Amino acid sequence: MGRSVRLALNALLGLTVAMSVVVDSHAQDKKITLGFAQVGAESAWRTANTVSVKQAAKDAGINLKFSDAQQKQENQIRAIRSYIAQKVDVIAFSPVVESGWEPVLEEAKKAHIPVVLTDRNIDVKDKSLYVTMIGSDFLEEGRRAGRWLEETYKNNPGPINIAELQGTVGSAPANDRHSGLMEIIKNDPKFKIIASQSGDFTLAGGKQVMEAFAKTYGKQINVVYAHNDDMALGAIQAMEEAGMKPGTDVKVVSFDATKGGFQAMIAGKINVDVECSPLLGPQLMSAVKDIVAGKTLPKRIVTNETVFPMNVAAQVLPQRKY
Ligand code: AHR
């Protein structure tokens, strides 16, 4: 082989090596794309959750595609399908309701796109349809509220009539906060749920349902068990308009522990707020990175939470982040 041919071959080889180094570093630097299908914007909790997810994606250098399903499962399914078509690296979603997810999750699985559940769980037999579920233990939240009621009314023979404002029908927090309460009070006949209806986790929904409860049951109601702060705040408005005294005549039990909930506790209108944290963004982004890096994750990542009775509200409010 002549010298000039050898030189040309060496140059070509050098070029190929240099090109492969560039390609490899591009592969490493390639931004992860996450498709996130949010429930909607129904509550202060949800707003804080959306802010947390968007901020955490920015901080983690993850390219976020975000959609708002306006509390409709069909919109969420459509969003997930579009993420599959766009070949995102990971799909995450906070399921509006628990059932009906198999077909779209099978499609994601076939496309080899890992799925992460955040905030709300789903009811599927095949657990391989998602990698992990990050969020609160709603059943335990319901038990915590039930235990607070037991303790509060331990010296009261009853009857203790409860009006329940349920969250979105078929959603995990509505199902579990109801079941958790029932688990605790079912063997104590003095507690009775005399009315139960969905206010769809919104302030307007809570107000509307409470107006009807106030008309039908009035002074018979001892406790309002609202599945979130927005509904509790709506119910407080309705009770006050009906001449009832929330927090004193009627005890108000709520969930989320938002700043709005804390302010109502300080005003003496919510008696206890069971915490449910929306600040799931950082955990979600670190799970997404781990999945892309091929790491194994636990099937369930539970958020650490507590219960705030009204007497601690003034002291705790300054530290609340949502
Ligand atoms: O899934 C979490 C629940 O959804 C929160 O309790 C509620 O405020 C929200 O809308």
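The domain assignment, whose bounds come from an automatic or database source, divides the protein into domain 1 (31–136 + 278–304) and domain 2 (138–276). This is a predicted model, in which local features need pLDDT of at least 70 and side-chain atom pairs count only at pLDDT 80 or more, while totals for chains, interfaces and linings use all residues. Residues are numbered from 1 along each chain as its sequence is written, and side-chain values use heavy atoms, with hydrogens and water left out.

**Between the domains**

- The C-alpha centres of domain 1 and domain 2 lie 29 Å apart, and 14 residues of domain 1 are in contact with 18 residues of domain 2 (contact means heavy atoms within 4.5 Å).
- Domain 1 and domain 2 bury about 1,200 Å² between them, 52% of it on carbon and sulfur atoms, where buried area is the accessible area (1.4 Å probe) that two parts lose on being put together, summed over both.
- Zero salt bridges are counted between domain 1 and domain 2 (a side-chain nitrogen of Lys or Arg within 4 Å of a carboxyl oxygen of Asp or Glu).

- Leaving aside neighbours within four places in sequence, Ile221 is in contact with residues including Asn161, Met210, Phe213 and Asp249.
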